[in-house]
Amino acid sequence: MKIKNVNPPQLIMTVFLLVLVAAAVAVDISLVGVINDALIKWAMNGVIVLSLIPMINVGAGRNFGMSIGLSAGLWGMIFALNYRMTSWTGFFVSILVGVLVAVVFGWLYAKILNNLKLNEEIVGTFAGYSFIPIMNLFYTFVPVTNLQMLYPIGGQGLRPRVNLENYFALILDNLWQIRIGQIVIPAGLLLFFFGMAALLWAFSKTRTGMIFSAIAENERFVQISGFDVNRYRTIGIIMSTALAAIGVVVYSQSYGFLHLYDGPFMMSFPAISAIVIGGAVHNKATVKNVLVGTFLYQTTYLLSIPVANAVLIPEMAELFRTIVTSGIILYAFIFERKESRNEKNKKQ
Amino acid sequence: MRRIKNNSVPILVFLLTVVAFHLSGVSFNYLSSEVYTRFIRNILFTLALILPVSCGMGINFAIVVGAISTQMAVVMTLDLNYTGVGALVFSMGLSLVLAVIFGAMVAWLLNKATGREMIVSIMIGQLSSVIYQFIFMVGYGTIIPPHNPDIILDRGIGVKSVIDAKNITDAFRGVMPFTLDGKVYSLFSLVLIGVFTLILMWIQRTRLGVLAKAVGTNRSNANMLGVPTARIRSLCIIISTIFAAMSQLLFIADFGTMNVYTGHLGIDTYAAAAILVGGATVKQAKIRNCFIGVILFHALFITSPLAGQNMFNNPSVGEYFRSFLAYGIIVIAIIINLKNEKERKLANFKA
């Protein structure tokens with residue numbers, strides 16, 4: 001890897017990870033458990049982070065309104081659970097319904113964003129925020145018949161957390177586990193994640209994928225060349241929304257719970273932070289960025305928990321994670337723009 | 001007709017409030033006393049948004065930073081065991097100093113992110129909020145030596161999550177009291193709000209206010225005419241932060257206790273929603289918008305859960321509705337603003 005390819009956030013996170021590993025070794029934390037968890041966390045959050053790629057590459061900014069896509073995935077799972085679909089049927093029906101709902105949501109989201117070019121991020125943030133109370137109304141009134149999902153008293157409204165244990169919890173995590181000594185490699189989960197990543201990589205090589213990056217590079221030029229930019233943007237936004245829906249299904253099966261209501265509220269910031277750590281810029285993101293960024297972000301957080309507990313201030317891990325999340329995003333907004341502007345000036 | 005079109009948002013929210021008030025079944029006295037309390041606690045936050053809007057930076061979600069500086073000052077006042085007028089003067093002075101320092105830092109960051117100030121100000125607010133939480137949850141008792149054991153957690157590290165700000169409240173209470181709906185209120189807060197409103201009106205008329213408007217209308221033109229645009233923008237942000245700091249002080253004095261880790265959260269969204277409900281846009285805001293907006297938004301805020309309770313037998317329905325309103329109004333405001341701008345460009349083009 002050339003030094004030029006390492007961006008400052010990535011460097012800082014790598015150094016920090018090494019420091020944490022050293023600290024973990026110093027306070028006698030078993031690294032085997034950490035490695036096992038890190039592999040799961042990597043793939044579990046990875047698909048959600050992958051969902052940012054199409055929108056960044058089509059020039060629609062980082063998807064701060066990710067909760068729209070996540071809600072679609074939650075719809076899928078509510079559907080599957082309501083008809084008591086278990087194991088693989090439940091998992092795939094959740095994904096299928098989630099993606100179908102995501103296409104509708106994504107289309108509406110794209111309608112809004114296409115009118116607001118260059119303001120996607122601020123509008124996305126608040127569109128995502130305001131979407132959550134709408135979804136909460138839906139969760140309160142949705143006619144669900146499966147009593148395990150409803151509040152025990154009153155029988156109206158979904159519970160904030162639905163246990164997936166009897167449905168499809170850990171179904172991907174437990175698929176094709178490879179044991180090497182104490183280390184467990186969740187091959188099924190990793191293969192699913194890499195499969196999604198490979199599909200996205202393949203997509204970027206297709207004609208549509210090429211047009212995407214051309215739009216991000218120079219929208220005017222593509223418009224003049226006779227392409228319908230808004231159509232491609234709509235496709236990109238729908239893809240992001242659908243991938244987020246798949247991502248939340250994968251996340252939930254690993255997590256073991258269906259987290260409704262305010263669950264998706266703050267999920268976009270860690271994902272965006274992870275992709276920035278991976279080296280994505282505002283109009284270009286690759287699969288490699290996601291793989292590297294998610295691994296660094298999740299593993300650092302994972303390691304910080306036992307270390308914070310060892311120094312007897314358990315809140316530190318969460319605070320630290322939030323500092324990293326918002327600090328990295330802030331960095332991306334302030335310094336990256338400047339760099340790209342400087343490059344433009346140099347060319348002139 | 002044009003008047004109605006321009007004020008469609010406040011009119012719509014007013015109608016909603018009337019409906020919600022009717023459905024909630026509360027007395028007018030109850031509503032007015034609740035609205036009065038919320039008005040006192042929130043109006044200065046909303047006024048703090050005016051200057052950044054008029055100099056073209058959009059809504060300054062980083063007013064959280066101002067609230068944080070006051071909370072820091074209050075914790076320190078309690079830590080040093082100040083009481084009476086001394087406590088009030090000390091916390092006010094310290095929060096002013098901190099607000100100027102932090103405001104300058106925010107302005108520095110925002111000036112680096114021209115064109116996307118709003119989202120950057122959200123991130124600044126989040127980051128500073130966690131750093132602040134980190135200082136008081138982890139730093140106090142480890143790096144910073146605590147003086148007052150009453151406000152420290154039992155383990156000796158970290159400030160308690162709720163602390164009693166009695167020393168500041170006492171200084172407020174008893175100054176010009178009056179009664180509304182069976183509760184005693186102090187007129188002193190109203191006097192302070194009046195003073196700050198006058199200060200803001202005065203600032204808008206000074207050189208700074210006029211230049212801010214020029215920067216907001218067209219930054220590159222202003223730059224060419226020799227206006228130090230970056231400096232003007234910084235000053236606007238610093239003043240905005242000071243207003244927010246004073247507002248948080250009023251809030252704490254009125255509330256009596258302080259939520260150390262959560263007291264400053266959410267104020268930015270509510271202030272933004274209130275000013276937009278009052279008919280402001282992200283490019284133009286008047287003092288009038290603040291007053292109308294705060295009253296309308298909070299009247300709806302109080303009545304909607306009760307209305308939801310009465311209509312659907314479910315208080316959370318109204319709660320979801322009001323949080324949808326708070327976030328949704330910001331999206332709508334930005335959409336309207338962009339449309340207006342497009343129309344203006346088209347009109348300029350035709351002319």
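What percentage of the 348 residues of chain A count as buried? The share is 48%, a residue being buried if 20 or more other C-beta atoms, placed from the backbone, lie within 10 Å of its own, exposed if 12 or fewer, and partly exposed in between. The model is predicted, with local features requiring pLDDT of at least 70 and side-chain atom pairs pLDDT 80 or more, whereas totals for chains, interfaces and linings use all residues. Residues are numbered from 1 along each chain as its sequence is written, and chains are lettered from A in the order in which they are written.

The secondary structure of chain A comprises 13 helices and four strands, these being DSSP runs numbered from the N terminus (helices, H or I, at least four residues; strands, E, at least two). The radius of gyration of chain A, taken over C-alpha atoms, is 21 Å, close to the 20 Å given for 348 residues by the globule rule, so chain A is as compact as a globular protein of that length. That rule is 2.2 Å times the number of residues to the power 0.38. The C-alpha trace of chain A spans about 65 × 55 × 35 Å along its principal axes. Among contacts in chain A between residues at least 6 apart in sequence, 77% join residues at least 24 apart; a contact requires C-beta atoms, placed from the backbone, within 7 Å.

The contact between the chains takes 30 residues from chain A and 32 residues from chain B. On the side of chain B that touches chain A, two or more residues each come from helix H6 (84-112), helix H7 (117-139) and helix H15 (315-350) of chain B. H7(B) gives the most, with 14 residues. By class, this side of chain B has 24 nonpolar, six polar and two charged residues. Ala, Val, Leu, Ile, Met, Phe, Trp, Tyr, Cys and Pro count as nonpolar, Asp, Glu, Lys and Arg as charged, and the others, Gly among them, as polar.

Within chain B, the axes of helix H13 (residues 267-277) and helix H14 (residues 287-312) come within 6 Å and cross at roughly 110°. H13(B) and H14(B) are therefore roughly perpendicular to each other, a term covering angles of 65 to 115 degrees. Axes are lines fitted to C-alpha atoms over the stretch in contact, and angles run from 0 to 180 degrees between N-to-C directions. Residues of this contact include Ala273(B) and Leu276(B) of H13(B) and Gly293(B) and Phe297(B) of H14(B). The contact has nine nonpolar, two polar and no charged residues.

Val191(B) lies in helix H9 (residues 187-205) of chain B. Val191(B) counts as exposed, with 12 C-beta neighbours inside 10 Å.

Note on methods: Two residues are in contact if their C-beta atoms, placed from the backbone, lie within 7 Å. Angles under 35 degrees count as roughly parallel, over 145 as roughly antiparallel, 65 to 115 as roughly perpendicular and the rest as oblique.
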